[in-house]
Amino acid sequence: TWTFSDTCGNTSSVSQTITVLDDTAPVAPAAPADVNVQCADDVPAPVDLTATDNCDGDITVSPTANITPGNCLNDFVMVRTWTFTDTCGNTSSVSQTITVLDTIAPVPDPAPADLNLQCASDVPPPVDLTAIDNCDGSITVSPTANITPGNCLNDFVMVRTWTFTDTCGNTSSVSQTITVLDTIAPSAPTPPADLNLQCASDVPLPVDLTATDNCDGDITVSPTTNITPGNCLNDFVMVRTWTFTDTCGNTSSVS
């Protein structure tokens, strides 16, 4: 207001009204680029952002993080938002979306070498295998054994499989094939010594013989007698044969 007075005290005045109201929000900076990562540990640290305003005065920044969880430790969406407020309460904001999803399976140890064995008792016990994963979190191992039987106790194929699963359900596996096939015949004993006799009545009774085998399982013995007659009652050749058979049909014999 301007007031004018002359020398006799007469006055007049005029006024100007100036209205100040900041209704312009701060100019926010560009947000960091959206990110897609495999693991929670790969989420980058938040950055410090600043804004500019049309008026003097402090600008406050309020960073927030909103997380939408998924199905596992390394499956979620994080939205980081920076909100800028000037001294008159005008606000602006920018956001960054970080998507975390683990799609990489664990990397297992190599499986034990495949084996070709003679006996079921030669099959080694399963070993403990481990795996490493790209993300933190426990890895479960599920060992299984699938057996395809053959024709006998010592004839089968065993496939051992170790399956590794991370916290997000990604799996990998390794297998070992163990082939068991007994091809070794029983080890026959020494037969009784050959004999040369005068009379049929001098022929001794047959003895019981046993054999040993490389594998467990019963050994059957099949004794047979073959006679080639000569010209009279006390003239012949007798061949006694003991045949030993293991559970897989491998045979040996002595006479």
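I looked up Cys 199 and found that, at 35% relative accessibility, Cys 199 counts as partly exposed, where buried means under 20% relative accessible area, exposed over 50% and partly exposed in between, with a 1.4 Å probe and protein chains only. Cys 199 is in no disulfide, and the nearest cysteine sulfur, that of Cys 232, is 9.9 Å away; a disulfide is taken here as a pair of cysteine sulfur atoms within 2.5 Å.

I note that this is a predicted model, in which local features need pLDDT of at least 70 and side-chain atom pairs count only at pLDDT 80 or more, while totals for chains, interfaces and linings use all residues. Residues are numbered from 1 along each chain as its sequence is written, and side-chain values use heavy atoms, with hydrogens and water left out.

Next entry: the disulfides. I find four disulfides in the structure, and, with bonded cysteines counted along the chain, they follow the pattern 1-4, 2-6, 3-7, 5-8. Cys 55 is in no disulfide, and its nearest cysteine sulfur is that of Cys 88, 6.7 Å away; at 32% relative accessibility, Cys 55 counts as partly exposed.

I then went through individual pairs. The sulfur atoms of Cys 39 and Cys 135 are 1.8 Å apart in their disulfide, and the link is left-handed, with -80° about the S-S bond. This pair links distant parts of the chain, 96 residues apart, with Cys 39 in the loop between β3 (35–37) and β4 (60–69) and Cys 135 in the loop between β9 (131–132) and β10 (140–149); strands are DSSP runs (E, at least two residues) and helices likewise (H or I, at least four), numbered from the N terminus. Cys 39 counts as buried at 3% relative accessibility, and Cys 135 counts as buried at 6%.

For Cys 72 and Cys 168, I again read sulfur atoms 1.8 Å apart in a disulfide, with 80° about the S-S bond and a right-handed link. Cys 72 lies in the loop between β4 and β5 (75–85) and Cys 168 in the loop between β11 (155–165) and β12 (171–181), so the pair ties together parts that are 96 residues apart in sequence. Cys 72 is buried, with a relative accessible area of 17%.

Cys 152 and Cys 248 form a disulfide with their sulfur atoms 1.8 Å apart, and the link is right-handed at 80° about the S-S bond. Since Cys 152 lies in the loop between β10 and β11 and Cys 248 in the loop between β14 (236–245) and β15 (251–254), the pair ties together parts that are 96 residues apart in sequence. Both Cys 152 and Cys 248 are buried.

Last entry: the whole chain. I count zero helices and 15 strands. The radius of gyration is 47 Å, well over the 18 Å that the globule rule gives for 255 residues, so the chain is more spread out than a compact globule; the radius is taken over C-alpha atoms, and the rule is 2.2 Å times the number of residues to the power 0.38. The C-alpha trace spans about 185 × 20 × 20 Å along its principal axes, and 25% of the 255 residues count as buried. With contact meaning heavy atoms within 4.5 Å, residues 24 or more positions apart account for 56% of the contacts with a separation of 6 or more.
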